[in-house]
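Please keep the structure open as you read.

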Amino acid sequence: MNGGNESTVSEFVLLGLFRSQNLQVLLFVIFLILYLLILSGNIVIMILITIDRHLHSPMYFLLANLSFVDIWLSSVTTPKMVIDFLREHKTISFEGCMSQVFFAHCIAAGEMVLLLVMAYDRYVAICKPLHYFTIMNLKRCTGLVLTSWTVGFVHALSQLVAVLQLPLCGPLEIDSFFCDMPLVIKLACTDSHDLDILMNADCGIVVVSCFIMLLISYTYILITVRRSSKAGASKALSTCTAHITVVMLLFLPCIFIYVWPLNITWLDKFLAVFYSVVTPLLNPAIYTLRNKEIKNALKRFKSYVMNHKVNT
């Protein structure tokens, strides 16, 4: 592939997180451990919510789905990044690159809508407690989760269709650890200004609209909490604080990458690592450390395992 000439694309070269070869083994160990923690932490939450009848409520049903989404959000990019730390020549096939573009946007957009659904769940629980189980029944919760996946799929498909129509020119080097829409657009042979605007607008519809609705929802919830009883307010405030923390961890990096890009390479890499690795890692910790029901369920699970070992 000659620089500047349009050609049939078979693969892309990934320049990686850092170019220093001295850091590769250390980064391999660090990110492998982080990825294993992401898998184990989120799987434990899913198992606890599934087997513990005390956690069979709408809020924990949605939390289990969030853990499921977090596993996939990290798995789109992290395993490839970890393997590439041990490779001198980092490449990804055209199909693999387009898969990363599609699934990264599908899962991230789906998680944003899911967080909005979780905010709605807390709104109903706090502002309409007597009607909570009537409104947030299993059928409605399932429908809302499916809606989040549908929004993510439609958003990602629109991104994929746009990038597939681009004529690409060599050298096909992507200065990151994975394929992402803004980075692939930079490889276009033609003026990509209009496509940049389209991408920012498309992402903005999902990211900014969800973010604004989340801020409004939690502001209304917090105002309602302040007027309620002290005991109930403390528990509700703790739950909402955890939710707001998760929202900030996911939305702020995405806003500065896709909606209001700063176009600073090292910062874009940092933000990408943050929402694809740090956020899925911190979500289980945030919910576990601040949630008594999850802590109690974990104790019951440990007790069950220990008793089972003694009996056998």
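**Spaces, strands and helices**

The second largest cavity has a volume of about 50 Å³. This is a predicted model, in which local features need pLDDT of at least 70 and side-chain atom pairs count only at pLDDT 80 or more, while totals for chains, interfaces and linings use all residues. Residues are numbered from 1 along each chain as its sequence is written, and side-chain values use heavy atoms, with hydrogens and water left out.

A cavity here is a set of points, on a 1 Å grid over the protein atoms alone, where a 1.4 Å probe fits but cannot get out; a pocket is an open set with protein on both sides within 12 Å along at least five of seven lines, and lining residues have an atom within 4 Å of a point. Volumes are the space filled by probe spheres set on the points, which are joined across faces, edges and corners.

Around the second largest cavity you will find Leu14, Gly16, Leu17, Phe18, Gln24, Met81, Asp84, Phe85, Lys90 and Phe177. Buried means under 20% relative accessible area with a 1.4 Å probe, protein chains only; strands are DSSP runs of E with at least two residues, and helices are runs of H or I with at least four, numbered from the N terminus.

Strand 1 has two partners to look for, with pairing requiring at least two DSSP bridges. Strand 2 (residues 91-93) runs antiparallel to strand 1 and is joined to it by three bridges, with Phe12 opposite Ile92. Strand 3 pairs with strand 1 in the parallel sense over two bridges, and there Val13 has Glu173 as its bridge partner.

Now turn to the largest cavity, with a volume of about 90 Å³. Helix 4, helix 8 and helix 9 each supply at least two residues of its lining, and helix 4 gives the largest share, five residues. Among the lining residues are His105, Met112, His155, Cys203 and Tyr275.

Helix 10 gives the most, with four residues.
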